[in-house]
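Give the cut-offs behind each term.

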Amino acid sequence: MPIGKTIAFLGAGNMAEALVKGLLRAGVAAPQEIVCTSRRKLRGDELTTRYGVRFTTSNVEAARVADLVVLSVKPQVMNHLLDEIAPVLDSSKLVVSIAAGVPIEAIERKVGHGVRIVRTMPNTPALVGAGATALAAGSHATDEDLSQAKALFDAVGKSVVVDEPLLDAVTGLSGSGPAYMFLEAAHRDRGAPGTPEGPGDEPRRHRHRGPAHPGGRRPADHAHGRGGGGHEAGEGARPEVPRPRRVTRKSGLAQLELYMAADM
Ligand SMILES: NC(=O)c1ccc[n+]([C@@H]2O[C@H](COP(=O)([O-])OP(=O)(O)OC[C@H]3O[C@@H](n4cnc5c(N)ncnc54)[C@H](OP(=O)(O)O)[C@@H]3O)[C@@H](O)[C@H]2O)c1
């Protein structure tokens, strides 16, 4: 379902490109509604040729025209980026960060109070449209903001709203989960990637297509009756966004369980 917003990706690298691809494929945004930035004009040529999106080397210009600003630079570049764009951010814009390990409070401190922020933690399978993303709301983000941010990540897999303290646990799970699946598949077939070809290699290659399951519904989708929101959420329906209020041991574990189910 189109969200009808101009979306800027500041730092259009691998993850931003995966999101752009997913958004276009799912019809969440049209090419002219997406503007990407990078310091290299050559990267802009790649993106405009592949997707027909807009490109500028100016983060300020992109943030100025966008309703929804995705911070997709590496974490170590984040402070510099925030200093640059803070003057054009205000409460009319939704800011979505995908940077690992950068707390909402650090972003809010840089851009000033009142800015609506959603912090997210996507994972590598998003690159093949089978990601599992956790999202947490900043102090000024509304349920509608969470819903819009969710629409972005449902275009590249599934997403779950959690409390921010749990994003670090999700980062651990996301980072090691896909690698664990590869390792486990390799061990189960009594061979590691790179070992000589043998009779067991066809099934092994099949499993090594990834924990990502590109292009297909996963068993967990059916088992849990989840449409995943976005393009899978039924025509015209905006996904219901459960928004946790405070973390207790019980609610934290329940949220992580939900996330892990989405990551299956
Ligand atoms: N990849 C993953 O699986 C994954 C998973 C979870 C979270 N993340 C998060 O996603 C973010 C991006 O990761 P990535 O893997 O997509 O990295 P990436 O491919 O290196 O993308 C970062 C992009 O930022 C651009 N950039 C650097 N400085 C810039 C600046 N001042 N202004 C505008 N653009 C700038 C770089 O291009 P130029 O050098 O051309 O400027 C580069 O294309 C990170 O914060 C990471 O923590 C990634």
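Strand β6 (residues 116–121) is largely enclosed by the rest of the structure, because six of its six residues are buried. Buried here means that 20 or more other C-beta atoms lie within 10 Å of the residue's own; a residue with 12 or fewer is exposed, one in between is partly exposed, and C-beta atoms are placed from the backbone. Both faces of β6 are covered, with Arg116, Val118 and Thr120 buried on one side and Ile117, Arg119 and Met121 buried on the other. Helices (H or I, at least four residues) and strands (E, at least two) are DSSP runs, numbered from the N terminus.

This is a predicted model, in which local features need pLDDT of at least 70 and side-chain atom pairs count only at pLDDT 80 or more, while totals for chains, interfaces and linings use all residues. Residues are numbered from 1 along each chain as its sequence is written.

Strands of a sheet pair through backbone hydrogen bonds, either parallel or antiparallel. Two strands count as paired if DSSP finds at least two bridges between them. Strand β5 (residues 94–97) pairs with β6 in the parallel sense over four bridges, and Val96 has Val118 in β6 as its bridge partner. Strand β7 (residues 131–137) pairs with β6 in the antiparallel sense, also over four bridges; here Arg119 has Ala136 in β7 as its bridge partner.

These strands belong to an open sheet of eight strands with mixed pairing, in the order β3-β2-β1-β4-β5-β6-β7-β8. Its edge strands, β3 (54–56) and β8 (157–161), each pair on one side only. Neighbouring strands of the sheet are turned by 25 degrees against each other on average, direction ignored. Such angles run from 0 to 180 degrees between N-to-C directions, and axes are lines fitted to C-alpha atoms, for helices over the stretch in contact.

Strand β1 (residues 7–10) also has both faces covered: Ile7 and Phe9 are buried on one side, Ala8 and Leu10 on the other. β1 pairs in the parallel sense with strand β2 (residues 34–37) over four bridges, and Phe9 stands opposite Cys36 in β2.

Ala137 is placed in strand β7 and counts as buried because it has 23 C-beta neighbours inside 10 Å. Its C-alpha atom is separated by 7.6 Å from that of Asp163, 26 residues apart along the chain.

Helix α6 (residues 143–154) lies across β4 (68–71), β5, β6, β7 and β8, and runs at about 165 degrees to β7. The axes of helix α4 (residues 78–85) and helix α5 (residues 104–111) come within 9 Å and cross at roughly 35 degrees. Asn79, Leu82 and Asp83 in α4 meet Ile107, Lys110 and Val111 in α5, contact being C-beta atoms, placed from the backbone, within 7 Å. The residues of this contact divide into three nonpolar, one polar and two charged.

The ligand is surrounded by 25 residues, of which Gly11, Gly13, Met15, Arg39 and Ala99 are the closest; a residue is near if its C-beta atom, placed from the backbone, lies within 6 Å. Helix α1 (residues 14–26) gives the most to this shell, with three residues. The shell divides into 12 nonpolar, nine polar and four charged residues. Ala, Val, Leu, Ile, Met, Phe, Trp, Tyr, Cys and Pro count as nonpolar, Asp, Glu, Lys and Arg as charged, and the others, Gly among them, as polar.

Note on methods:
Two residues are in contact if their C-beta atoms, placed from the backbone, lie within 7 Å.
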